[in-house]
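I ask the reader to keep the sequence and the model in view.

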Amino acid sequence: MIVLHTMERRYPWGTLRSTFSSKTKVVLEEKGLAYRVERVRIGDVWKKVPEVLAKNPLGKVPWIDDGDITVYDSSVINEYLNDRYPEPPLLPADPVARARARALENYADEIILSVHVPKIWMPWWSPPDQRDEQEMDKARTELRERALPFVEERLGGREYLAGDFSLADVPFMSLAMVLQVDGMPLDGLPNVAAYLERLRRRPSYRAIDPRTSLEESAGREA
Ligand SMILES: N[C@@H](CCC(=O)N[C@@H](CS)C(=O)NCC(=O)O)C(=O)O
């Protein structure tokens, strides 16, 4: 059984999960694979303890163990899962369409999940009185005005970013999770707002839904 190493924690305002690990959880769910979650201590990740570095030299989550193979980095893991467990395919067949899907996935990772989302998501892992609301508001404005207009335009009349649901949409499942907790308004971004709602209705979202407890999202039987 595949083991997903991740950070997840229960708070009064929901179960919070690592955004990058949630990408991998969604792919495991979409593929119908058997897996279990192993929660890594948050302090061990921040301190980069040797046990974490031995599994992922970046000192981050996620990584997976698939039998005796360890794979780290959410995008690399998701490509590995899609190659090794091809059904259902999560990339288009045509090479050009595949490249476009990967480019959109990369945009979401590099700009949305790496730059803007942490400034909104990390404070939710602290008590309310320790959050800098002004900084959070600044990050919300930047996400709305700088990063999401490109996604709004790309979506146009489409249901998903690259044909059927694909790896390009997977990081946006994590964004859907973050904004469910944060409740940031998406004024002027109707395509993005409808798209995130569509993503939340996918059965795989349940495994990262902030309303789903740790116990109910600890893995799945094949
Ligand atoms: N490119 C990596 C990024 C992973 C990442 O930044 N994970 C966060 C949690 S969502 C983490 O472990 N942060 C701890 C740190 O940066 O020290 C991936 O896609 O897996």
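Which residue in E3 stands opposite Glu 8? I found that Arg 17 in E3 takes that place. Residues are numbered from 1 along each chain as its sequence is written. This is a predicted model, in which local features need pLDDT of at least 70 and side-chain atom pairs count only at pLDDT 80 or more, while totals for chains, interfaces and linings use all residues.

Entry on the strands. I saw that E2 (residues 8–11) and E3 run antiparallel and are joined by four bridges, where strands pair if DSSP finds at least two bridges between them. A hairpin through two residues joins E2 to E3. Strands (E, at least two residues) and helices (H or I, at least four) are DSSP runs, numbered from the N terminus.

Entry on the domains. I looked up the domain assignment, which gives domain 1 (2–90 + 205–220) and domain 2 (95–203); such bounds come from an automatic or database assignment. I noted that 19 residues of domain 1 are in contact with 22 residues of domain 2, contact being C-beta atoms, placed from the backbone, within 7 Å. On the side of domain 1 that touches domain 2, strand E3 (14–17), helix H1 (19–30) and helix H4 (74–84) each supply at least two residues, and H1 gives the most, with six.

Entry on Ala 176. Leaving out residues up to four places away in sequence, I found that Ala 176 touches Leu 196, Leu 199, Arg 200 and Tyr 205.

Technical notes:
Contact = placed C-beta atoms within 7 Å.
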